[in-house]
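Dear colleague,

Please find the structure below, together with its sequence. My notes on the strands, the core and the aromatic rings follow it.

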Amino acid sequence: MMIEVRTSKISKGEFNRGVFATQDIAKGTLVHEAPVIPSVDDDDEHLDKTVMADYVFEYGANHTAIVLGYGSLLNHSYTPNLIYEINFDNHTFEFYAYRDIVAGEELFINYNGEVDNMDPLWFMDDYEERMKAAADKEKEESAEK
């Protein structure tokens, strides 16, 4: 398998997981195909009362979806190394390498759905600070080796 779940340096709180490459991955490679559980938008009022509200994806004009597999464990970045396409015929999200990825690298998508969409997200209060802190820590660890 080319990916695995590990502790993420950028996540905080109880669920500090991320998805990482276990091998080098070439740009354009299908990294993960995740099945979905679709839900009509009318059901969102129920999801909004749960932790699942932070894990749903837009799924067409009138639906959202819970993305299974590793899909909902991917963290956000405005400079992602993965992109995704929705395959409505198969009810899956297909995650592709947006650029070459090195083994050990954490995998990111842009939660806005488009690589270059810089719109603020609901959790952005200290996200940039956490990204900088994670990058600084990684530099320190590299220098120690």
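Five strands make up an open sheet in the order β4-β5-β3-β8-β7, with antiparallel pairing. The edges are held by β4 (56–58) and β7, each of which has a single partner strand, so one side of each is left without a neighbour in the sheet. On average, neighbouring strands of this sheet are turned by 35 degrees against each other, direction ignored. Strands here are DSSP runs (E, at least two residues), numbered from the N terminus, and two of them pair if DSSP finds at least two bridges between them. The angles are taken between axes, that is, lines fitted to C-alpha atoms, and run from 0 to 180 degrees between N-to-C directions.

This is a predicted model, in which local features need pLDDT of at least 70 and side-chain atom pairs count only at pLDDT 80 or more, while totals for chains, interfaces and linings use all residues. Residues are numbered from 1 along each chain as its sequence is written, and side-chain values use heavy atoms, with hydrogens and water left out.

Strand β3 is joined to β8 by 5 bridges, and Pro35 has Thr92 of β8 as its bridge partner. Another 5 bridges join β3 to β5; here Val40 is partnered by His63 and Pro38 by Ala65.

The largest nonpolar core holds 21 residues, of which Leu82, Phe93, Phe95 and Leu107 touch the most other members. Such a core is a set of buried Ala, Val, Leu, Ile, Met, Phe, Trp, Tyr and Cys residues joined through side-chain atoms within 4.5 Å, where buried means under 20% relative accessible area (1.4 Å probe, protein chains only). The elements giving two or more residues to this core are β2 (17–21), β3 (30–40), β5 (63–67), β7 and β8.

Aromatic pairs number 5, counting rings of Phe, Tyr and Trp (its six-membered ring) whose centres lie within 6.5 Å; planes under 30 degrees apart count as stacked, over 60 as edge-to-face and the rest as tilted. The ring centres of Tyr84 and Phe95 are 5.7 Å apart and their planes stand at 55 degrees, so this pair is tilted. Because Tyr84 lies in β7 (residues 82–87) and Phe95 in β8 (residues 92–97), the pair ties together parts that are 11 residues apart in sequence. Tyr84 and Phe95 are both buried. One aromatic cluster is formed by Tyr59, Tyr84, Phe88, Phe93 and Phe95.

With kind regards

Notes
Helices (H or I, at least four residues) and strands (E, at least two) are DSSP runs, numbered from the N terminus. Buried means under 20% relative accessible area, exposed over 50%, partly exposed in between (1.4 Å probe, protein chains only).
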